[in-house]
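Work through the exercises below with the sequence and the structure at hand. Each task is followed by a solution in steps.

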Amino acid sequence: MTLQSVLLRLLPLPEPGRVFAAGEWRTLTQIAEALLPDDSTVPPADVADNIEGFLIRGRSRRAWRVRALLYLVEWAPVTRGARPLSRMTLRQRRRLIEERYMDGRGVWGICAKVRFLVLMGAYGDGRQHAPTSYVAVSKRRRFQADRAGGRAVAQ
C-alpha cells in the first residue's frame, strides 16, 4: 500500500476528461485570486484551467500529488481555528499567505508550493507575455531555424 493508492481512494473522482475534482479546482482558483495582483491579465479561473490543461497534455502520472496539495491548502487553515480556504474572504486568504506561507515552516511550507503552480498557470498564459516582456523561445532570434539547413542557429 502506497500513499498514492490511499490518496487516490480518498480523493473524489474528477469529471471525465478532467484532472481536478470541483473542490480542487475551486481551491486552486481561490488561491490564484489571492496570489495574483488585482490587475492581472489572466483571471484566476483561467490559471486553474491552464494548470489542468498542462497536466492533461503531459499525461502526468503525478497529478495526484497536485490534487493532494490542493486538499492540504484547502484544509490547513482549519488547524489554526480558521475556515477552510474556500470559505475565506479574499482579504483573509491574502493574510493567511502573508502570515503562514511566507515563513515556510512545516505544513505551511508544503502549502506554499502552490505558488509555483499559480505562477506557471498565470505566466505560461500567452496573454501575460506582453505585459511581462516574455518572448517565446520559438520567436527568439537566436533560436530561429536556419531556413536553408533546418537547424537552430545561434545569432
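The model is predicted: local features need pLDDT of at least 70, side-chain atom pairs count only at pLDDT 80 or more, and totals for chains, interfaces and linings use all residues. Residues are numbered from 1 along each chain as its sequence is written, and side-chain values use heavy atoms, with hydrogens and water left out.

**Exercise 1.** State how many helices and strands the protein has.

Solution. Helices (H or I, at least four residues) and strands (E, at least two) are DSSP runs, numbered from the N terminus. The count gives eight helices and zero strands. Read from the N terminus on, the order is α-α-α-α-α-α-α-α.

**Exercise 2.** Describe the surroundings of Glu 24.

Solution. Step three is to list contacts, meaning heavy atoms within 4.5 Å. Apart from neighbours within four places in sequence, Glu 24 contacts Leu 11, Pro 12, Val 19, Arg 67, Leu 70 and Tyr 71. Finally, a polar atom of the Glu 24 side chain lies 2.7 Å from the backbone nitrogen of Ala 21.

**Exercise 3.** Decide whether Thr 29 is buried or exposed, and find what it touches.

Solution. Thr 29 also belongs to helix α2. Its relative accessible area is 14%, so Thr 29 is buried. Not counting residues up to four places away in sequence, Thr 29 touches Pro 44, Ala 45 and Ala 48.

**Exercise 4.** Find the side chain that Asp 38 joins in a polar contact.

Solution. Asp 38 sits in the loop between α2 and α3 (44–57). Asp 38 counts as exposed because its relative accessibility is 66%. A polar contact is a pair of N or O atoms within 3.5 Å; within protein, one must be able to donate a hydrogen and the other to accept it, and residues adjacent in sequence count only if both atoms are side-chain atoms. The partner is Arg 94, whose side chain is joined to that of Asp 38 by a polar contact of 2.7 Å.

**Exercise 5.** Classify Phe 116 as buried or exposed.

Solution. First locate Phe 116: it lies in helix α7 (residues 114–123). Its relative accessible area is 56%, so Phe 116 is exposed.

Notes. Buried < 20%, exposed > 50% of the residue type's maximum accessible area, 1.4 Å probe, protein only.
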